[in-house]
Amino acid sequence: MSIQTSFHGVRLLSLTPASSSLRRPRRSLVRAKLEPSDKSVEVMRKFSEQYARRSGTYFCVDKGVTAVVIKGLADHRDTVGAPLCPCRHYDDKAAEVAQGFWNCPCVPMRERKECHCMLFLTPDNDFAGSDQTITSEEIQETTSKI
């Protein structure tokens with residue numbers, strides 16, 4: 001016997017044993033990956049292009065890297081209110097946002113042009129492409145398969 005239900009538009013499938021005598025309390029784990037808002041993705045896309053031009057850096061030759069980082073920044077903008085570096089683990093994201101060290105552009109990027117995420121690459125970096133722009137369509141296309 002199976003029961004289908006949904007949670008915020010995400011379909012969940014719950015399987016129950018055939019015999020109710022075998023039933024034990026079960027804990028359910030629901031994982032739903034919500035996309036960042038289109039508005040935040042666009043804000044972070046424009047920010048990234050502007051900062052790349054201003055800092056003389058370039059996006060990665062693999063636009064998929066650029067797209068994933070931009071969406072990660074947009075997700076943090078939506079969830080914690082700031083573009084916190086998406087390539088690091090934080091025990092307390094709110095505290096990190098308040099401190100500001102890892103808010104994009106992070107302190108290492110501003111001081112030494114060292115971007116841990118590979119979003120902003122100096123021209124001498126082996127992974128640097130020749131672009132300082134990325135379209136919304138490129139972001140959508142490269143991240144839709146993930």
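I began at His76, where a polar atom of the side chain lies 2.7 Å from the backbone oxygen of Leu84. I call a pair of N or O atoms within 3.5 Å a polar contact; within protein, one must be able to donate a hydrogen and the other to accept it, and residues adjacent in sequence count only if both atoms are side-chain atoms.

A note on the source: this is a predicted model, where local features need pLDDT of at least 70, side-chain atom pairs count only at pLDDT 80 or more, and totals for chains, interfaces and linings use all residues. Residues are numbered from 1 along each chain as its sequence is written, and side-chain values use heavy atoms, with hydrogens and water left out.

**His76, continued.** I placed His76 in helix 2 (residues 63–80); helices are DSSP runs of H or I with at least four residues, numbered from the N terminus. Is His76 buried or exposed? His76 is buried, at 6% relative accessibility; buried means under 20% relative accessible area, exposed over 50%, and partly exposed in between (1.4 Å probe, protein chains only). Beyond its neighbours within four places in sequence, His76 is in contact with Gly81, Ala82, Leu84, Cys85, Pro86, Tyr90 and Lys93, contact meaning heavy atoms within 4.5 Å.

**Helix 2 and helix 5.** Next I looked at how helix 2 packs on helix 5 (residues 136–143): the angle is about 95° and the axes are 9 Å apart. Axes are lines fitted to C-alpha atoms, for helices over the stretch in contact, and angles run from 0 to 180 degrees between N-to-C directions. The two helices are therefore roughly perpendicular, the word for 65 to 115 degrees. Helix 2 brings Lys63, Gly64, Ala67, Val68, Ile70 and Lys71 to the contact, and helix 5 brings Glu138, Ile139, Thr142 and Thr143.

**Cysteines.** How many disulfides did I find? The count is zero, a disulfide being a pair of cysteine sulfur atoms within 2.5 Å. For Cys106, the closest cysteine sulfur is in Cys115, 6.1 Å away and too far for a bond. I also noted that Cys106 is buried, at 8% relative accessible area, and that Cys60 is buried at 4%.

**Backbone.** The peptide bond from Cys104 to Pro105 is cis, with omega near -5°. I found Pro105 in the loop between helix 3 (93–99) and helix 4 (107–112). Lys113 has a positive phi, near 55°, without being glycine; Lys113 is partly exposed at 39%. Met118 likewise has a positive phi, near 65°, and sits in the loop between helix 4 and helix 5.

Note on methods: Angles under 35 degrees count as roughly parallel, over 145 as roughly antiparallel, 65 to 115 as roughly perpendicular and the rest as oblique.
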